[in-house]
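Subject: Model handover and what turned up in it

Hi,

Here is the model I promised to pass on, with my notes below it. Please have it open while you read.

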Amino acid sequence: MLVDREEETVRLLRLVTDVSGGPERLGVISGAASSGKTELLAHVCRKAAADGLRLLSAAASPAEQGFPYAVLEQLLQGVPEHHTNVAPSFPAAGAEDGTEADADAAEVPAAVLRDVHRVLTTLTDDAPLLIAVDDIQFADPQSVRCLAHVLRRIPPDALRVIVTRGLRPGTAGGAATAALDELLHGPQVCHIRIGPLTEEGVRRLVADRLGAARAAGPAPAFHASTGGNPLLVHGLLDDHASADDHVSATDDGTAHEGGSARDDTSAPDHGAPRTCEMFQQAALVCVHRSGADALRVAHGVALLGRVRSVPLLGRLVGLDESAVRRAVTDLTEAGILHDGGFRHEAVRTALVEDLPCAEISGLRRLAARLLHENGAAPTAVARQLLNCPPDTDEAPVTEEWVARVLRDAAREAIAGDRITFAMSCLQLAERHCADGPERLVIRSTLAQIIWRVKPLAWAQQVMSLAGAAREGLLPPAHALGVAAGLLWSGCAEDAAAIMSRVAGTVAETSDPGLRGELLLARLTMACTFPGAAELLETPAEQHRNREEPTADPSPRHTALRALQAVLVRGADAGAIAAAEQVLETVPLSDKTVNPLRAALMTLVYADALNAASTWCDRLLAESVTRQAPGWRANFSAIRGLVALRRGQLSDAVEYAEKSLEYLPARGWGVAVGLPLSVLVEARTAMGHHETAAELLSRPVPEPMFRSRYGLHYLYARGRHQLATGRHYAALTDFRLCEEQMGSWGLDSPTLAPWRVGAAETWLLLENPEQAGRLAEEQLSRSGAARTRTRGMALRVLAASRPLAERPAILDRAVDLLQQGGDWYESARALADLGRTHEALGDPSRGRLLVRRAWRIADGCNAEELSRSLLPPPVRGAPAESAGASARADSTAVSSLTDAERRVASLAAYGYTNREIAAKLFITVSTVEQHLTRVYRKINISQRQDLPISLDTDVAYTA
């Protein structure tokens with residue numbers, strides 16, 4: 001379909017058919033490569049032939065430009081058979097290879113000119129003659145001279161000529177150019193320059209393929225991607241059609257009766273052009289048709305990304321500035337370039353792939369050097385070096401600037417959160433670095449950032465640097481980074497040796513910044529391996545650090561000191577405030593991820609679970625956004641611990657399993673104790689004892705038991721042993737916690753509340769006196785802090801006391817556990833309180849409390865506890881009937897208003913009308929009215945029949 005060429009068609013047809021008007025005899029169609037010149041020529045020729053003109057046509061080619069009379073021979077192939085006896089005979093080429101030695105060789109003998117004139121004149125006897133030549137700039141000069149001769153000799157009413165030409169002359173040299181000038185620059189020439197299609201023209205082309213209704217949307221995007229080049233538009237349309245065919249082939253094959261898929265309004269969106277092979281091939285054709293210089297320039301721009309500098313581009317492709325400017329102009333007119341860059345990235349990709357493999361490496365290296373010499377940004381230079389294909393025959397570039405530029409680019413990438421690019425820069429810098437010490441620094445820098453995206457590779461990177469760090473071959477700051485990695489892997493002795501060497505350097509240089517880094521490493525050691533006393537500060541250092549502030553006094557030191565304080569003293573208001581300040585002010589980065597983890601753990605150990613949950617969710621979301629699986633694994637494990645301590649057992653399992661998915665167990669080092677302990681304890685509370693046993697059977701690193709994470713693991717294993725009836729094994733694990741925490745001076749009641757676990761074990765072993773003693777000891781260590789851990793201790797203490805004393809103690813336990821936000825422990829305490837009331841002769845109150853405990857246990861997926869609290873008739877109910885009841889309840893509850901739902905939910909949890917009124921700040925009468933309407937809507941007669949599908953979260957948090 002020919003569009004946007006109506007005016008040009010009219011002019012050319014007038015030239016061909018109106019022989020009486022004006023001197024014009026030769027039509028010259030010019031334009032950029034693939035702009036539609038050939039299509040316009042063919043369209044005019046068809047029209048002329050239909051009007052009775054005799055047509056002779058030919059297409060010139062660069063490959064035949066050196067063969068004399070090649071175009072003329074093509075033209076004469078169209079001569080009718082009865083005229084072949086008068087066809088001219090052409091002399092042999094002047095050289096054996098068909099090329100001409102000089103301009104004289106392009107001269108045509110007079111005999112040949114007379115013969116050509118005679119043949120063409122004979123052809124005009126029957127009808128006017130139209131000669132059409134495509135790409136005349138590639139025609140051999142002999143044929144061009146013959147055409148010029150006959151144009152002068154044959155009358156205008158008998159002969160017309162139309163040719164197409166590109167924006168630049170052919171490549172044969174002076175003879176061809178002179179002959180072409182003789183033909184094209186005369187008074188009888190009608191020049192027609194065609195430009196790109198307008199947006200309306202593109203819309204018409206798209207409509208012809210996609211239908212008018214669907215053309216308006218994609219037309220602007222098609223025009224923007226192609227610049228109106230018809231060949232590129234057709235390439236896009238071909239790719240678009242292939243994509244639609246693929247969609248049709250992969251759907252369910254259902255056809256609409258009486259219509260096609262193209263008529264369906266649910267067809268794929270055509271708003272954005274789909275680029276694939278056909279568009280890329282069309283772009284390559286355009287570039288190649290634009291000439292050799294344009295091809296070289298296009299390749300150069302593809303490597304550079306855009307035309308950054310004409311002189312630089314010229315040096316890269318080996319052309320002078322004027323040639324580069326002409327090529328850029330031609331490529332812009334062809335729709336390939338726009339504003340110095342490619343209109344579509346797919347074109348750049350195709351041109352890079354079009355480069356010969358033997359050349360691309362050298363061009364990339366040259367581009368990098370030229371960019372560096374011209375002061376380009378390090379990242380631009382680095383991209384050239386990174387994109388060099390591996391060449392085993394060529395030695396790495398060892399110039400000093402290469403490694404330096406790559407390191408600078410890595411630094412910029414780290415600041416911009418482009419970690420994968422930074423890693424690639426550092427890895428390449430290491431290969432191009434000739435200096436041993438500098439190579440170690442590069443590897444150390446890589447180790448500091450690789451954790452974020454490839455945490456499994458991080459441990460290997462750190463271990464490979466351990467020897468150099470111990471021997472003092474790394475700068476002290478880098479050596480401390482290696483020491484931190486060794487602590488994670490459990491190599492405390494190696495970390496100690498490195499810190500000792502750095503401490504000697506600090507003593508010699510008195511560098512405050514380095515002293516601050518050393519202090520951070522020691523604080524990390526104190527919080528991770530508390531038993532490694534040799535790495536803690538000496539008394540003299542402690543005094544100096546109090547007297548002289550470190551170079552980095554705030555966030556990182558504050559977070560670790562807060563964690564250390566809460567590990568030693570338990571819940572601490574000052575530590576909580578310090579941790580929250582760090583979380584509020586410190587952005588997440590490779591250097592701050594460990595302090596932020598420390599701040600989160602401070603909140604967890606202080607039972608500030610709501611704050612810990614909020615901050616952890618924010619950091620998790622940021623880790624996801626920044627595509628950092630290492631960070632995400634760490635924060636997921638901490639989030640799982642928070643969920644566990646809030647009694648949200650399914651969430652705890654999900655977060656902990658995700659953390660091991662982002663970072664498999666072999667990459668966790670000693671910290672694997674955290675996600676594993678969360679999984680074991682949560683599965684145990686849910687009653688999934690076989691799953692918990694399988695988790696405990698997995699191998700763990702032996703150094704883990706000398707770390708803080710080992711305490712989590714031992715406590716979780718003790719809970720599992722207790723739940724499965726192995727009481728003495730449970731006592732052993734709880735006592736191991738006691739021994740280690742006592743020897744480390746970290747007997748915090750919130751870190752691993754082993755006394756609560758041991759007390760529960762002694763209760764099952766029928767030793768309430770020992771259980772009560774441990775519970776009271778736990779309470780005494782927790783002080784007056786209103787924490788969930790204190791509530792847990794009160795629940796166990798109540799079980800060791802006479803029946804009459806238990807309600808008051810359990811009331812306090814329930815209050816603390818609800819304030820602390822622990823669903824699971826709240827359910828256990830409520831169940832104990834309900835059973836106590838039943839035993840004391842108040843079955844009504846007891847049943848309400850047990851029912852409330854059951855609902856909470858059911859809501860947090862504590863399946864074993866939930867089953868134990870169900871009334872006997874319900875325990876044997878088949879699953880199918882239970883599911884039907886749940887569906888019925890859901891339907892009934894959906895009719896309740898928000899106010900009715902809140903009241904009914906609290907009533908279902910066992911709250912009295914007066915308690916509900918106090919919680920919701922309404923009158924008792926209003927509560928009664930709401931309940932009356934609820935009973936009527938869901939067709940029940942008493943509180944005990946309230947459905948379980950009510951919003952448990954509303955009831956629990958009210």
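First, the ground rules. This is a predicted model, in which local features need pLDDT of at least 70 and side-chain atom pairs count only at pLDDT 80 or more, while totals for chains, interfaces and linings use all residues. Residues are numbered from 1 along each chain as its sequence is written, and side-chain values use heavy atoms, with hydrogens and water left out.

**The chain as a whole**

The protein chain has 47 helices and seven strands; helices (H or I, at least four residues) and strands (E, at least two) are DSSP runs, numbered from the N terminus. Of its 958 residues, 52% are buried, where buried means under 20% relative accessible area, exposed over 50% and partly exposed in between (1.4 Å probe, protein chains only). Among contacts in the protein chain with a separation of 6 or more, 71% are between residues 24 or more positions apart; contact means heavy atoms within 4.5 Å.

**Around α18**

Helix α18 covers residues 419-431. Its 13 residues should span 18 Å at 1.5 Å a residue, and its end C-alpha atoms are 19 Å apart, which agrees; the expected span is 1.5 Å times one less than the number of residues. The buried residues of α18 are I419, F421, A422, M423, C425, L426, L428 and A429. Their cover includes α16 (378-386), α17 (400-415) and α19 (436-453).

Two of those covering helices, α17 and α19, also meet each other. Their axes come within 12 Å and cross at roughly 15°. Here axes are lines fitted to C-alpha atoms, for helices over the stretch in contact, and angles run from 0 to 180 degrees between N-to-C directions. The pair is therefore roughly parallel (angles under 35 degrees count as roughly parallel, over 145 as roughly antiparallel, 65 to 115 as roughly perpendicular and the rest as oblique). The crossing of α17 and α19 is left-handed, meaning that the near helix is turned anticlockwise from the far one by less than a right angle, whereas clockwise would be right-handed. A403, R407 and I414 of α17 meet E438, V441, I442 and I449 of α19. By class, this contact has five nonpolar, no polar and two charged residues; Ala, Val, Leu, Ile, Met, Phe, Trp, Tyr, Cys and Pro count as nonpolar, Asp, Glu, Lys and Arg as charged, and the others, Gly among them, as polar.

Where does H432 sit? H432 is in the loop between α18 and α19, and it counts as buried because its relative accessibility is 9%. H432 and A403 are 29 residues apart along the chain, with their C-alpha atoms separated by 6.1 Å.

Helices α21 (residues 476-489) and α22 (residues 492-509) pack at about 160° with axes 8 Å apart, so they run roughly antiparallel. The contact uses P476, A479, L480, V482, A483, L486 and L487 of α21, and A492, D494, A495, I498, M499, V502 and T505 of α22. By class, that gives twelve nonpolar, one polar and one charged residues.

Helices α27 (residues 593-605) and α28 (residues 609-625) have axes that come within 8 Å and cross at roughly 155°; they too are therefore roughly antiparallel. This crossing is left-handed. L596, L600, L603 and V604 of α27 contact L609, A611, A612, W615, C616 and L619 of α28, and by class there are ten nonpolar, no polar and no charged residues.

**Two buried residues in helices**

A283 lies in helix α10 (residues 277-289) and, at 1% relative accessibility, counts as buried. Leaving aside neighbours within four places in sequence, A283 is in contact with L232, I336 and V347. A283 and S34 are 249 residues apart in sequence, yet 9.3 Å apart in space, C-alpha to C-alpha.

C527, in helix α23 (residues 512-528), counts as buried at 1% relative accessibility. Not counting residues up to four places away in sequence, C527 touches L560, L563, Q564, L567 and R708. For C527 and Q564, 37 residues apart in sequence, the C-alpha to C-alpha distance is 6.0 Å.

Best wishes
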